[in-house]
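Have a go at each task before you read its solution.

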4 protein chains.
Amino acid sequence: MSRKIFNVALLGQGFMGRAHSNAYCQAPHFFALPFELRRKVICGRNQAALSEMARTWGWDETATDWRAVVERKDIDVVDIATPNALHAEMAIAAAAAGKIVLCEKPLAVSVEEGARMVSAIRGLPNMVWFNYRRTPGIALARRLVEEDRLGRVFHYRATYLQEWGNDPTRPPSWKTEKAAAGSGVLGDLLSHLIDAALYLNGPISEVSAMMQTFAAQRDVDDATLLLARFANRSVGTFEATRYAVGCRNQNRFEIHGSKGMLRFNLENLNHLEFFDATGARETEGPRLLLASNDYWKPGHAVGYEHTFVSALADFLRALDGGEPFHPDFEDAQRVQEVLDAVEQSAGKREWTVVR
Amino acid sequence: MSRKIFNVALLGQGFMGRAHSNAYCQAPHFFALPFELRRKVICGRNQAALSEMARTWGWDETATDWRAVVERKDIDVVDIATPNALHAEMAIAAAAAGKIVLCEKPLAVSVEEGARMVSAIRGLPNMVWFNYRRTPGIALARRLVEEDRLGRVFHYRATYLQEWGNDPTRPPSWKTEKAAAGSGVLGDLLSHLIDAALYLNGPISEVSAMMQTFAAQRDVDDATLLLARFANRSVGTFEATRYAVGCRNQNRFEIHGSKGMLRFNLENLNHLEFFDATGARETEGPRLLLASNDYWKPGHAVGYEHTFVSALADFLRALDGGEPFHPDFEDAQRVQEVLDAVEQSAGKREWTVVR
Amino acid sequence: MSRKIFNVALLGQGFMGRAHSNAYCQAPHFFALPFELRRKVICGRNQAALSEMARTWGWDETATDWRAVVERKDIDVVDIATPNALHAEMAIAAAAAGKIVLCEKPLAVSVEEGARMVSAIRGLPNMVWFNYRRTPGIALARRLVEEDRLGRVFHYRATYLQEWGNDPTRPPSWKTEKAAAGSGVLGDLLSHLIDAALYLNGPISEVSAMMQTFAAQRDVDDATLLLARFANRSVGTFEATRYAVGCRNQNRFEIHGSKGMLRFNLENLNHLEFFDATGARETEGPRLLLASNDYWKPGHAVGYEHTFVSALADFLRALDGGEPFHPDFEDAQRVQEVLDAVEQSAGKREWTVVR
Amino acid sequence: MSRKIFNVALLGQGFMGRAHSNAYCQAPHFFALPFELRRKVICGRNQAALSEMARTWGWDETATDWRAVVERKDIDVVDIATPNALHAEMAIAAAAAGKIVLCEKPLAVSVEEGARMVSAIRGLPNMVWFNYRRTPGIALARRLVEEDRLGRVFHYRATYLQEWGNDPTRPPSWKTEKAAAGSGVLGDLLSHLIDAALYLNGPISEVSAMMQTFAAQRDVDDATLLLARFANRSVGTFEATRYAVGCRNQNRFEIHGSKGMLRFNLENLNHLEFFDATGARETEGPRLLLASNDYWKPGHAVGYEHTFVSALADFLRALDGGEPFHPDFEDAQRVQEVLDAVEQSAGKREWTVVR
């Protein structure tokens with residue numbers, strides 16, 4: 001088997017840089033991939049840390065000039081794992097250079113940026129790392145939705161609960177600076193909830209939102225809450241916050257339909273609760289499903305990192321098969337459009353249609 | 001001990017009539033009450049059922065003319081357990097006759113009605129049966145709030161999830177008719193959530209709400225959702241619905257403060273989850289507390305009906321001690337004002353200040 | 001309807017006296033009973049407390065001489081709620097007087113005593129208050145077993161976990177004195193587990209047991225553990241203890257059969273977990289069932305006390321219908337035989353056949 | 001940094017071969033290891049699968065003659081991931097060749113074999129892959145035990161519940177053949193429970209056990225159950241089974257001590273429940289701790305595979321620091337001694353002292 005080789009350039013050396021590096025290492029261990037990915041160059045600004053990271057994760061080279069990197073002829077794939085405000089420029093440059101582009105979420109810091117990115121990437125393979133779609137629990141949820149186990153959906157309810165905003169000892173992060181992050185929980189956490197909602201319940205038509213900053217002297221939202229109407233006439237609430245004391249990282253949702261219910265919590269990402277309303281009520285209750293995974297036997301849990309590995313493997317297999325991959329830039333732009341409506345709604349204090 | 005005797009007239013013979021009757025029977029078994037309550041007369045429109053109910057629960061007499069009953073000299077307490085639309089007229093008449101008045105929730109079908117009731121009752125002992133305040137879990141929650149175990153509150157999140165709206169085999173009920181109920185889940189379920197929120201987190205300043213009717217040909221709300229700002233600057237979401245397939249009767253809330261978190265679910269009404277953020281993070285997690293009760297030993301659960309018994313006992317002891325009892329008509333009118341703002345907000349599709 | 005009247009004499013004025021008194025008060029409120037029960041006389045040794053209890057619960061008379069009481073011609077039912085060591089003498093005397101006899105569990109403090117009681121009661125209506133059979137969860141478990149939803153049973157696992165043995169501040173109780181209680185957790189807690197096991201999984205053939213006393217200077221078992229073989233070839237473990245720190249009152253069991261699993265915890269007595277192994281494995285998981293009850297609507301929980309009320313009502317209806325009631329003295333003697341084998345096994349340190 | 005290089009030979013190409021291969025790949029990504037491990041040769045009997053596995057996981061060579069491999073001068077580490085019955089011969093040969101030996105659990109199929117292995121390995125670095133010690137939950141449990149958060153232990157209760165024994169469609173496995181596995185759940189599952197028990201609660205003194213085979217024509221135990229006394233005077237029950245229908249892979253334990261309780265379930269391996277009995281009882285309940293890990297941020301779960309990675313990294317760091325590593329062959333032989341006592345006890349049907 002002589003597989004096509006893709007040289008990868010990774011832009012970013014932070015937490016996400018590690019998560020992506022791990023995906024490149026691990027994907028070929030668990031999946032028969034149609035392409036070979038070479039960890040060619042990792043690009044960042046902190047040279048010392050960069051060298052250490054290259055050594056640890058097996059990147060052939062390091063670089064500090066991302067523009068030069070994305071234009072290198074020997075690079076096939078550009079993977080963007082930088083703060084949000086850099087995504088657009090990097091993705092557009094990589095697209096201009098004809099690269100395959102993988103971009104961290106959120107796609108952009110504004111819907112306008114997102115639109116330019118979508119436009120630039122047209123015709124090129126691309127994906128956005130909304131990794132949670134690949135948790136065993138959400139993957140199973142999607143399957144059940146596709147099999148119409150929910151029937152007509154009435155309610156969608158999602159919360160993303162973190163607590164670190166309340167921790168004064170925590171070192172500063174680009175995630176709380178508007179210049180780098182574009183927003184607070186809106187892009188960081190709510191984007192995940194919206195992506196899952198669009199994935200599982202279809203388009204959102206309109207929203208009424210509020211954004212809240214609890215910390216003094218912070219220029220981004222610590223919490224964003226909204227009501228939503230979906231195109232399928234179901235209604236929903238969404239809430240993302242960094243002030244949910246008691247919750248480390250709880251991305252939770254519940255969906256109620258005429259035929260069933262689903263309940264998920266990222267803290268138990270191998271599980272999914274499913275209620276089957278088509279059975280006898282007396283012997284039906286929420287079933288705690290232990291979802292299977294592509295890595296180990298049933299009952300042998302996977303973790304956070306596997307969501308990235310699966311996303312990468314799925315992307316490569318779709319690419320090889322000539323099939324569309326999701327979520328791509330267009331999917332992520334759908335999320336962006338909702339986030340934009342949320343921001344507008346919160347600013348104007350009125351119901352806002354998602355365009 | 002020669003205790004004062006109160007003759008009680010119960011208006012209503014439905015599910016709530018049973019719950020209240022039970023409270024009259026049981027309160028003296030578990031609490032040393034300062035007054036003796038006599039089940040004097042039960043009043044309703046279905047004479048056959050009324051006689052059966054009187055026999056079962058030990059009401060001395062039955063009656064079908066409530067106006068005559070509330071004016072009887074020998075009646076001390078009028079307890080209103082009729083459909084919502086009748087509360088105001090009955091309560092005002094009872095107040096005019098100088099009675100002690102106990103009224104089911106919601107207080108009224110409009111804020112205007114509520115205002116007239118509050119005005120009428122002034123100077124007379126009164127209570128509203130927001131019984132869930134007396135679940136062991138919520139009672140303990142209140143205690144922890146009073147002890148400042150939550151610190152500055154950031155988030156309040158409450159849902160009341162029932163599923164019977166989706167059941168086409170269910171017989172019709174006055175609860176889905178605007179003429180009798182005034183509203184759907186707004187008065188029936190959301191009122192409970194709002195009462196608990198005001199009790200545990202103080203006044204709500206403004207809301208953005210939506211109301212939804214899923215069933216064809218129904219003139220009340222099957223679901224009501226809202227965003228809220230509290231006077232203490234915390235933010236919240238509320239959702240009440242009869243279309244939460246998979247959930248029998250889940251009145252749930254979560255509160256996140258700078259010092260702790262609380263989580264409650266009526267399905268486990270003896271329990272309360274408490275997270276103490278003042279301890280070492282590594283050994284802190286949500287604690288599943290088994291709240292004590294006034295009936296049996298710790299670990300011996302109480303149920304739905306005990307909430308009514310406790311409310312009644314607390315009311316009588318407050319009355320005897322000359323202390324204010326809560327929730328009273330005024331408290332319930334605070335709820336009514338929020339419900340009114342919710343209804344207005346949903347109608348006008350805009351943020352609405354709670355007056 | 002002119003129902004036969006039964007005059008009841010209650011022997012015992014402690015915690016169980018209250019639980020039984022409540023059952024007499026409440027049964028007619030929720031069930032159309034074929035007999036009328038009069039709370040005629042309550043008998044105990046503490047006259048002051050006895051008078052207070054009679055007043056609270058509506059017992060017509062008090063008495064301190066139980067022998068005189070059980071021989072009174074006007075007494076139809078003798079209800080024994082005294083410390084274990086008194087059951088046999090009282091029950092035998094009551095039987096000799098031709099009474100209907102209701103006896104608290106455990107039936108006796110020895111299998112020999114139990115045998116005499118069974119012999120004495122022959123031909124007279126009788127019941128033993130193994131109340132937990134009437135929790136909504138266990139009642140539903142029994143129904144599922146009867147419907148063969150478990151198939152061939154492989155495993156039965158039960159624990160009764162209390163913690164108060166570890167609490168040095170707790171006042172002394174007859175429950176830790178051999179003279180009054182006959183045993184420690186053996187009769188107090190393990191008896192409940194064994195009764196449920198026999199009810200749900202049939203006879204136990206042999207056991208290997210150990211008994212442990214953790215507290216200094218205590219002459220009863222603080223913990224009893226055993227392995228068991230059932231007649232149906234399933235195997236089991238049982239553990240009852242007052243040193244399960246962290247657990248108030250957790251009577252838990254799990255049953256695994258070829259077609260399904262059941263899981264119960266008294267701390268959530270309205271619930272039962274059921275796994276249906278006959279469905280597609282991917283969408284099957286333990287289902288959290290909210291069992292219905294005979295008191296209120298689904299989703300409106302009942303508590304500890306309702307188990308007594310239901311037992312009483314079921315007994316009376318069986319009596320009226322001429323049907324056998326369970327658990328009766330014979331059922332309780334089956335439990336006694338297992339407890340005896342357990343005690344022998346622990347003493348001799350060997351597997352012991354249940355006779 | 002020029003680290004010493006260790007050439008590794010992996011014996012075994014099954015499920016465990018994959019788990020170990022993954023550990024060699026991943027350990028250097030997350031830990032600053034003092035040694036460099038080279039995946040030199042993988043050894044098995046199925047050449048086709050072996051080549052595929054070598055390619056996937058980056059083993060330089062394949063081999064089918066394990067004796068030749070363990071004697072190769074260029075091999076530093078021999079890792080044994082073969083069926084249980086082969087462990088002794090392989091480990092002794094590897095030890096004879098002076099290798100570092102890592103051996104899958106259980107150490108051996110008999111206590112005599114284990115003794116010879118311990119004797120052979122003396123003086124050589126060695127470990128046994130009781131990987132579950134490295135789940136975040138159990139690692140945290142150990143830390144709490146070491147900090148004396150439990151006080152005097154009263155009860156230890158452990159179950160390992162799998163269900164595949166009941167699945168007739170499952171292909172045959174060496175795990176159900178005595179010749180290859182030595183035993184059924186005894187070595188496969190109970191060994192894990194015993195290792196954790198010795199790790200967390202110290203030596204076991206004596207046991208009373210039973211072993212059960214449910215399947216026709218199977219020569220190993222499908223279920224093994226036992227009572228145990230620990231040296232610290234606590235008492236315990238253990239149960240391992242492949243017939244726990246409804247449970248995929250639930251390795252669970254509960255420990256009750258005078259100062260606290262711990263509860264773990266492998267199905268939620270990032271979590272641990274902790275009850276602190278030293279606080280005010282009213283605000284104490286089991287705390288659901290989300291244990292931190294060495295891989296990602298708190299709240300970002302790890303999975304099954306990380307337990308192997310951590311074990312390997314810990315082993316290497318201990319080796320470098322000249323510190324003892326646990327669990328080693330001696331630790332595993334302690335487990336073997338308990339398993340031996342269990343087997344004897346079940347065979348003779350009597351309490352058996354652990355030698």
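**Exercise 1. Work out through which surface the copies, chain D and chain A, meet.**

Step 1. Compare the interface residues: 100% of those of chain D are also interface residues in chain A, so the two copies meet through the same surface.

Step 2. Keep the ground rules in mind: this is a predicted model, where local features need pLDDT of at least 70 and side-chain atom pairs count only at pLDDT 80 or more, while totals for chains, interfaces and linings use all residues. Residues are numbered from 1 along each chain as its sequence is written, chains are lettered from A and ligands numbered from 1 in the order in which they are written, and side-chain values use heavy atoms, with hydrogens and water left out.

Step 3. Superpose the copies by least squares on the C-alpha atoms of residues with pLDDT of at least 70 in both.

**Exercise 2. Describe the interface of chain D and chain A by its residues, area and polar pairs.**

Step 1. Count contacts, meaning heavy atoms within 4.5 Å. Here 31 residues of chain D touch 31 residues of chain A.

Step 2. Take the buried area, which is the accessible area (1.4 Å probe) that two parts lose on being put together, summed over both. For this pair of chains it is about 3,100 Å², and 59% of that is on carbon and sulfur atoms.

Step 3. Look for polar contacts (a pair of N or O atoms within 3.5 Å; within protein, one must be able to donate a hydrogen and the other to accept it, and residues adjacent in sequence count only if both atoms are side-chain atoms). The rule finds 14 such residue pairs across the interface, both residues at pLDDT 80 or more.

Step 4. Ask which elements of chain D give two or more residues to the side that touches chain A. They are helix H1 (15-30) and helix H2 (47-57), with H1(D) giving the most, 9 residues. Helices (H or I, at least four residues) and strands (E, at least two) are DSSP runs, numbered from the N terminus.

Step 5. Sort the residues on this side of chain D: 15 are nonpolar, 11 polar and 5 charged. In this sorting, Ala, Val, Leu, Ile, Met, Phe, Trp, Tyr, Cys and Pro are nonpolar, Asp, Glu, Lys and Arg are charged, and the others, Gly among them, are polar.

**Exercise 3. Find how chain A is related to chain B.**

Step 1. In chain A, Glu350(A) has the C-alpha nearest the axis, at 2.9 Å. The same surface serves both copies, as 100% of the contact residues of chain A recur in chain B.

**Exercise 4. Identify the buried residues of helix H6 of chain D and what covers them.**

Step 1. Apply the classes: buried is under 20% relative accessible area, exposed over 50%, and partly exposed in between (1.4 Å probe, protein chains only). In H6(D), residues 136-146, the buried ones are Pro136(D), Gly137(D), Ile138(D), Leu140(D), Ala141(D) and Leu144(D).

Step 2. Their cover includes helix H8 (185-201) and strands S11 (249-257), S12 (260-265), S13 (271-276) and S14 (287-290) of chain D.

Step 3. After H6(D) comes Asp148(D), with a positive phi near 60°.

**Exercise 5. Locate salt bridges within and between chains.**

Step 1. Use the rule: a side-chain nitrogen of Lys or Arg within 4 Å of a carboxyl oxygen of Asp or Glu. The whole structure holds 132 salt bridges over all chains, yet the count between chain D and chain A is 0.

Step 2. Arg218(A) pairs with Asp222(A) at 2.8 Å, N to O. Arg218(A) is partly exposed at 24% relative accessibility, whereas Asp222(A) is buried at 0%.

Step 3. Lys259(C) and Asp148(C) form a salt bridge, with their closest N and O atoms 3.2 Å apart. Lys259(C) lies in the loop between strands S11 (250-257) and S12 (260-265) of chain C, and Asp148(C) in the loop between helix H6 (136-146) and strand S7 (153-161) of chain C, so the pair ties together parts 111 residues apart in sequence.

Step 4. Glu239(D) and Arg157(C) meet at 2.7 Å, N to O. This pair crosses between chains, from strand S10 (residues 235-241) of chain D to strand S7 of chain C, and both residues are buried.
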